[in-house]
Amino acid sequence: MTQFSLSSTTAAIPRQWRLFVGLLFVFCMLLSPGTALAQSTTLSGNALPSVNDPLNNPFNEPAFLPVEEAYPLAVESSSSDTLRLIWQMPPGYYLYQHAFRFEMSHGDSSSKLTPKFPPALVREDEFFGRVEVYYDGVEIELLAPGPIAGGQLRVTSQGCADAGLCYPPRTQNFAIGEDGEIQEVSAPLPSAPTSSVLTTKPAPAQGLLFMMLLAFAGGIILNLMPCVLPILSLKVLGFAAAPADQRRHHGWLYTAGVVLSFMLVAVILLGLRGAGQAIGWGFQLQSPGFVIGLAYLFVVMGLALSGLIELGSRFMNLGSDLAQSGGSAGSFFTGVLAVVVASPCTAPFMGTALGYALVQPPALGLSVFAALGAGMAAPMLLLSYSETARKYLPRPGIWMERLKQALAFPLYATAIWLFWVAGRQTSVDVMAATLLGALLIALGFWLWRGAFLAKTIALACLVFAVVLAAWRPADLGNNDRTLPSGTVAYTPQSLNQLIADGQPVFVDVTADWCITCLANERAVLLTNTVQEAFRDAGVTYMIADWTDYDPIIADFVTSHGRSGIPLYVLYNGSQAPTVLPQLLRTQTVLAALERLPVLE
């Protein structure tokens, strides 16, 4: 039977950590009826939430104007190279000066316009800090570097209402005739289109708490993802025979590892986005080097669980080594490891919460990521305190060793999948080289148990494995991928043209490293039922492959209030697009298609 001998240091856990997680549990209990709102933060067309419907209006907010009525824009030409833009807003609505963007296009060439802003009102904004805004109305003069006749103007703006709602950035497009006549066009310029959809922002405290709740729920679900479950299963079994004080001690250390790791990811994400990088959750998997490193890690963990290498359970705090001196560090780094291996996964509710977090000031963004980590750690922490839950765990025995070995195979399968992803990102030669590197890693760990010469060869094997992971063929170019039958590749130009022609379009933003994306495609989107429904409705199925970094696709994702994928957007001509949930069901897609107009 597994023995445990560490003394309890639960009292050393900061009281603030326990209070923080406890409050999140309370919020989850109180607000759980509203979590269905996380499936989509968008409204189709110009529909607004009913103030009498508690599901659409959980915080009893007032009704708000559609974006077209809140911020009507008129464009006039005052000379051959000057435009005048005039907004007239109702009372209580304002526009951010820093959010304005202006661009003039003539054919394939585009140019920036020089705006002349009038004096603005300075205010402290709860999300953007110290900003300049315009109430009631604003008139902006734009100077073009050349004649404006025959061009197309693109204007981006963003505003909020004092009553508690912020609209996402809105892009409008205007065609300028040769005679100087200006009219708004429904088809945007070649770029990522944005939806004229409202994003609910209750009172600032409520908005933050609601997003933390969504992140907390997403973190809980993240434990069920195939990358994480094998590791946590063994961690749970390690608790089975531990005394209560040691379970709690290690539960808190594991929680600290998870939460701090998520906050570190948040700092990196927020820092890179602040530097102008268009990235989101899972961005590191767009780097073949990271993917290969993660594959190597899964190989090593699998070999350790199989008992083929003497890495020791202490590395992942599994089994009887919990009682050894490395147990405390092992619990902490098990939490770190869980976050690392969870990076290819996206759980429900995460997309909405992280999309919110990455456009907020750092303190608010870090709070949301901390809630995500607390949610992921909550089941393990709850198990460490709950005697009732432990009663349902099987008794320790020899079967635990067999289970440990069996759980190595999902890790091997994950490693094979990651090698495949790396091959898709680069070439089959790179995939073969990294598979050889994995073999050398296994050989190196096996040789490490020998004498000095064996250890020297082992080190050489490990170094050569790293060299193979970094190697790229000299003729490596774009790795074009074959699209599934019945689909087309996403480009802003083709999407905009289809929208301008009034054709319905379904955009699937996916990646080979996104497990949720692949599951949705295999189980729903690429099935005969859904493909036939797409054909019957005349829908063009467009795939935006984000396996490799692509700033155009990143802008498309950001324009819909998301920071990661999967992202599914259904366009219906000139109407506002509908964003579908991240976990799809066949009925969800069919119901969305039924709302499309019947083709003649």
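Reply: Happy to! Two strands count as paired if DSSP finds at least two bridges between them. The strands themselves are DSSP runs of E with at least two residues, while helices are runs of H or I with at least four residues, and both are numbered from the N terminus. In general, strands of a sheet pair through backbone hydrogen bonds, either parallel or antiparallel.

Before we zoom in, note that this is a predicted model, where local features need pLDDT of at least 70 and side-chain atom pairs need 80 or more, while totals for chains, interfaces and linings use all residues. Residues are numbered from 1 along each chain as its sequence is written, and side-chain values use heavy atoms, with hydrogens and water left out.

Let's look at strand β9, which covers residues 137-143. Its side chains alternate between two faces. Val 138, Ile 140 and Leu 142 point to one face and are buried, meaning under 20% relative accessible area, with exposed being over 50% and partly exposed in between (1.4 Å probe, protein chains only).

Now for the partners. Strand β2 (residues 82-88) runs antiparallel to β9, and 7 bridges join the two. In this pairing, Gln 88 stands opposite Gly 137 of β9. Strand β6 (residues 114-116) also pairs with β9 in the antiparallel sense, over 3 bridges.

Next, a sheet elsewhere in the list of strands. Five strands, in the order β5-β4-β10-β13-β14, form an open sheet with antiparallel pairing. Its edge strands are β5 (109-112) and β14 (182-185), each of which pairs on one side only. Within this sheet, β10 (residues 152-157) and β13 (residues 170-176) run antiparallel and are joined by 6 bridges. Arg 154 is found opposite Asn 173 of β13.

Finally, the wider picture. The protein has 19 helices and 20 strands. Of its 600 residues, 51% are buried. Contacts are heavy atoms within 4.5 Å; among those with a separation of 6 or more, 74% link residues 24 or more positions apart.
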